[in-house]
Structure formats: structure tokens, C-alpha cells
Amino acid sequence: MKRKIVIATAVAALMAGGTLTAFAATGSDDDRTPPAAKVTLTEATDAALAKVPGTVESADRDDDGKGDWEIDIRTSEGTEREVRVDAQNGSVHVEPGDDHADRDDAGDDRNEQDEQNDDRDDRDEQDDARDQQDDAAAAAAAKTTSAQAQAAALKLHPGTVTDVEFDDARWEIDIKGNDGKWYDIDVDATTGKAVS
């Protein structure tokens, strides 16, 4: 038969010197009753919190015969860690972390990050759309038209125009030259000057 002692949050916090929630301390009355603890529950939780800061969620004596204190702590990062404190000498052993129990929290973090990335993508798309509108307005107001820019580019490198784009007050023109080479030509939208 197991007996449980529930300690109120405020009293436990004062005794353990850390952040504590109400928790249960369990002793075992089965065939393998552990020896009387030389380390009290308060001493055990103090030692555990010194190694793994956070909130104690539960503490009980192991019924393995030795009777170590098993203390479950929720860290500020949201992971749960099990700390074992020897009930005879107070030595502390932190069990390897099991972050799998907290995958929902990690998933929430990933979902939040995904939402932030989506928001950033949306802002980037809006910025691109504004840039395209600005470029379209600048192209319409440019002194050199697309046709004039293409003619200037073809004078520089005769061939076939494959792409024309207006960007940053200039026409960007791609030409596959008659000599088989590719050329990227910039034509100033104000002066009409072509530069390879």
C-alpha cells in the first residue's frame, strides 16, 4: 500500500527555495520497503533544483529497495527532467533528457516559426508587387521605350532578343547573338545608351 503526502505549493516553495507546484511524496510498504531516508524530501528537492532549475512536478521514493528520491522537474524551456537523489547520502543523478515527451511544445514552436516565415513571405510578395508597380510606372514614364531599348541593344550586338525587363531605371535585354553567344545588355531608360 502506498501513502501519499500532498504538500501545498506555497509551503513547498518556501522549504525548497525554488519554484514548486503541489506534488506527492510516495513511500512503499511492499516487500521491498526502502530503508529510512537520511535525506529529507526538502533536502532532495533543493539538491535536484540546484542541478536542474525549474518547477518540481512530483517527488517520490523509488520502491526498488534503495529508496532514492525520484523528482520530476519541468524546466523553463518546457522539458521534463527526472532527477534521482540518493536518500542516504544526497548525491544527485540527472537522468538523460527525454525531449520526446515535449514534442507538442516543440511542434508549437515549429508551427509558430512556420507562421512567422509565412508572414515574412507574404510581406516579401507584397514588396515585390509594389516594386513591380513602381517599375511599371517608371517604364511608362521612361524617355526610352522598350522598342527603342531593344534597337539600341541590337545595334551593340546583332541577334535575337530573348528577354526584356525594366528594373532600376534601365532596360535589361538578353540577346542571343548572330555569333551564337549570349549577351546581357543594359539600356539606360533616360539616355537610351546601351552597355553590354
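View 1. Glu70 is a residue of strand β5; strands here are DSSP runs of E with at least two residues, helices are runs of H or I with at least four, and both are numbered from the N terminus. The structure is a predicted model, in which local features need pLDDT of at least 70 and side-chain atom pairs count only at pLDDT 80 or more, whereas totals for chains, interfaces and linings use all residues. Residues are numbered from 1 along each chain as its sequence is written, and side-chain values use heavy atoms, with hydrogens and water left out. The side chains of Glu70 and Arg84 are joined by a polar contact of 2.5 Å. A polar contact is a pair of N or O atoms within 3.5 Å; within protein, one must be able to donate a hydrogen and the other to accept it, and residues adjacent in sequence count only if both atoms are side-chain atoms. Leaving aside residues up to four places away in sequence, Glu70 touches Ser58, Ala59, Asp60, Asp62, Glu82, Val83 and Arg84, where contact means heavy atoms within 4.5 Å.

**View 2. The nonpolar cores.** The largest nonpolar core has 14 residues, of which Ala44, Ala48, Trp69, Ile71, Ile73, Val83 and Val85 touch the most other members. Two or more residues each come from α2 (41-51), β4 (55-61), β5 (69-74) and β6 (80-85). Helix α2 gives the largest share, four residues. A second, separate core contains 13 residues, among them Ala142, Ile175, Tyr183 and Ala189. Such a core is a set of buried Ala, Val, Leu, Ile, Met, Phe, Trp, Tyr and Cys residues joined through side-chain atoms within 4.5 Å. Buried means under 20% relative accessible area, exposed over 50%, and partly exposed in between (1.4 Å probe, protein chains only).

View 3. Four strands, in the order β8-β9-β10-β11, form an open sheet with antiparallel pairing. Because β8 (159-167) and β11 (194-195) stand at the edges with a single partner strand each, one side of each is left without a neighbour in the sheet. Two strands are taken to pair if DSSP finds at least two bridges between them. Strand β8 is joined to the antiparallel strand β9 (residues 170-177) by eight bridges, and Val161 has Ile175 in β9 as its bridge partner. Helix α4 (residues 146-156) lies across β8, β9, β10 (182-188) and β11, and runs at about 45° to β9. For this angle, axes are lines fitted to C-alpha atoms, for helices over the stretch in contact, and angles run from 0 to 180 degrees between N-to-C directions.

**View 4. The hairpin of β8 and β9.** This hairpin has two residues between its strands, and Asp167 stands opposite Arg170 in β9. Most residues other than glycine have a negative phi. Asp168, in the loop between β8 and β9, has a positive phi near 50°. Ala169 lies in the loop between β8 and β9, with a positive phi near 60°. Asp168 counts as exposed because its relative accessibility is 55%, while Ala169, at 45%, counts as partly exposed.

**View 5. Phe166 in strand β8.** Phe166 lies in strand β8 and is buried, with a relative accessible area of 10%. Its C-alpha atom is separated by 9.5 Å from that of Asp186, 20 residues apart along the chain.
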